[in-house]
Amino acid sequence: MAEEKRFTKASWEIMEQLLEVDNLEEALAGSLEIIVRTLNSEAGAIWFLDPNTDRLSPLFHVGPADISNITIENGQGIEGVVTKSGKSVLIADAANDPRFDGTVFDDNGLVTKSMICVPLDNLHEVIGCVQIINKQDGSIYDQEELVLCERMASLAAITIEEKGLTIDLGEKKEVLVRLTDVTKEFAVGDNVLQVLKGINLEIYKNEFVVVLGESGCGKSTMMNIVGGMDFLTTGTLTIEGRDFSHPSEAELTKYRRDYIGFIFQAYNLMPNLTALENVQFIAELVEDPLPAEEAIARVKLSERANNFPGQMSGGQQQRVSIARAIVKKPRLILADEPTAALDYTTSIEVLSVIEDIVNTQGTTVMMVTHNVEIAKMANRVVKVRNGRIASIKRNLHPLHATDLVW
Ligand SMILES: Nc1ncnc2c1ncn2[C@@H]1O[C@H](COP(=O)(O)OP(=O)(O)OP(=O)(O)O)[C@@H](O)[C@H]1O
Ligand SMILES: [Mg+2]
């Protein structure tokens with residue numbers, strides 16, 4: 001009876017999600033989160049079929065593994081079989097199930113033990129599937145739970161039919177940075193504090209990734225490891241396929257100098273240098289910089305080039321710090337709460353500059369923020385919870401900075 005109540009509540013919540021928001025992708029993602037929470041699952045995903053390639057990709061997933069870049073042929077694997085046949089599958093015990101080859105997730109943080117997979121259709125055709133993996137308590141899924149998933153899928157179907165959903169999952173992405181089972185421990189007095197507990201994450205070339213998560217969950221620690229400012233305890237970090245888990249001092253210097261641009265909440269400008277000089281100073285340290293004037297122009301500060309930081313607003317100072325990052329022509333820009341100290345209008349100015357860099361320079365940007373509205377600009381939104389990746393969502397239609405409201 002308690003079960004029944006819980007499921008009814010979940011169905012209502014899902015219905016609200018699906019009917020009340022205007023962004024269907026968000027609604028589907030929210031519905032999956034409700035299912036995962038209600039069924040106490042370890043992971044879940046919504047897979048969509050790309051009709052052009054006849055392959056399935058996850059648009060949104062919850063759990064510790066980064067499966068964003070995985071694609072599965074329609075008809076292959078459990079996800080493909082469910083999509084092709086339009087029939088649900090309940091795998092109670094994967095280890096002893098002949099339908100399951102057990103290899104989908106086990107190289108990136110999750111081994112499937114029990115699974116539910118139900119088709120997602122828009123009344124005319126199957127467009128993908130909803131998948132739930134492993135119960136947190138190790139027990140196995142039952143028929144009733146399968147029914148809840150099917151109920152969610154049919155509610156989604158009605159909404160998709162009504163609102164329309166265009167899926168263009170695009171090309172397979174090239175991986176720039178890969179974190180595999182990364183942990184980080186800090187010694188605090190006599191104790192060891194485990195801050196990262198097994199991070200699995202890929203960052204692709206020319207994407208804009210936003211990282212969200214509660215204070216203290218490990219966002220900055222993760223970003224500092226990616227930026228070579230801190231070191232992982234166990235696991236691996238690769239940069240364009242090269243192992244960078246334990247770089248030498250020389251490699252590290254070159255990486256931080258030429259490859260990475262940092263933007264922080266504090267602008268860290270030199271007060272006795274003008275905007276232009278602050279940028280020139282960095283340009284002189286790197287091998288093949290942009291002309292400093294051009295970097296200043298890209299952040300739309302040419303008119304302020306000869307001003308000192310004290311003569312500029314917070315937003316203008318932050319744009320100088322962005323110019324300082326892009327003058328290096330970095331492959332990857334790491335931005336840790338770059339707008340936290342700015343008001344709305346100045347934040348939008350700064351975000352517009354960042355959007356422009358991603359769109360025109362082919363740069364990858366990874367940005368930590370507490371502002372969920374900013375996440376709507378991103379190609380992918382990564383949520384971190386207590387030292388692990390909690391979920392990853394792809395935005396098929398990222399907003400422009402100028403369309404954000406808070
Ligand atoms: N050098 C350090 N030594 C000891 N503990 C640390 C160190 N750096 C971070 N921590 C701890 O690690 C945890 C995660 O810190 P981190 O700065 O990564 O969090 P965050 O997600 O960026 O939080 P916020 O949103 O507040 O910036 C915190 O509990 C923090 O106190
Ligand atoms: Mg932080």
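The protein chain is split by its domain assignment into domain 1 (2-163) and domain 2 (195-403), with bounds that come from an automatic or database assignment. This is a predicted model, where local features need pLDDT of at least 70, side-chain atom pairs count only at pLDDT 80 or more, and totals for chains, interfaces and linings use all residues. Residues are numbered from 1 along each chain as its sequence is written, while chains are lettered from A and ligands numbered from 1 in written order.

The contact draws 13 residues from domain 1 and 14 residues from domain 2, contact being C-beta atoms, placed from the backbone, within 7 Å. Helices (H or I, at least four residues) and strands (E, at least two) are DSSP runs numbered from the N terminus.

Now for a helix pair: H7 (residues 275-283) and H9 (residues 314-326) have axes that come within 8 Å and cross at roughly 25°. Axes are lines fitted to C-alpha atoms, for helices over the stretch in contact, with angles from 0 to 180 degrees between N-to-C directions. H7 and H9 are therefore roughly parallel, a label for angles under 35 degrees.

Here is who meets whom:

| Helix | Residues in the contact |
|---|---|
| H7 | Ala275, Asn278, Val279 and Ile282 |
| H9 | Val320, Ala323 and Arg324 |

Note on methods:
Parallel < 35°, antiparallel > 145°, perpendicular 65-115°, else oblique. Contact = placed C-beta atoms within 7 Å.
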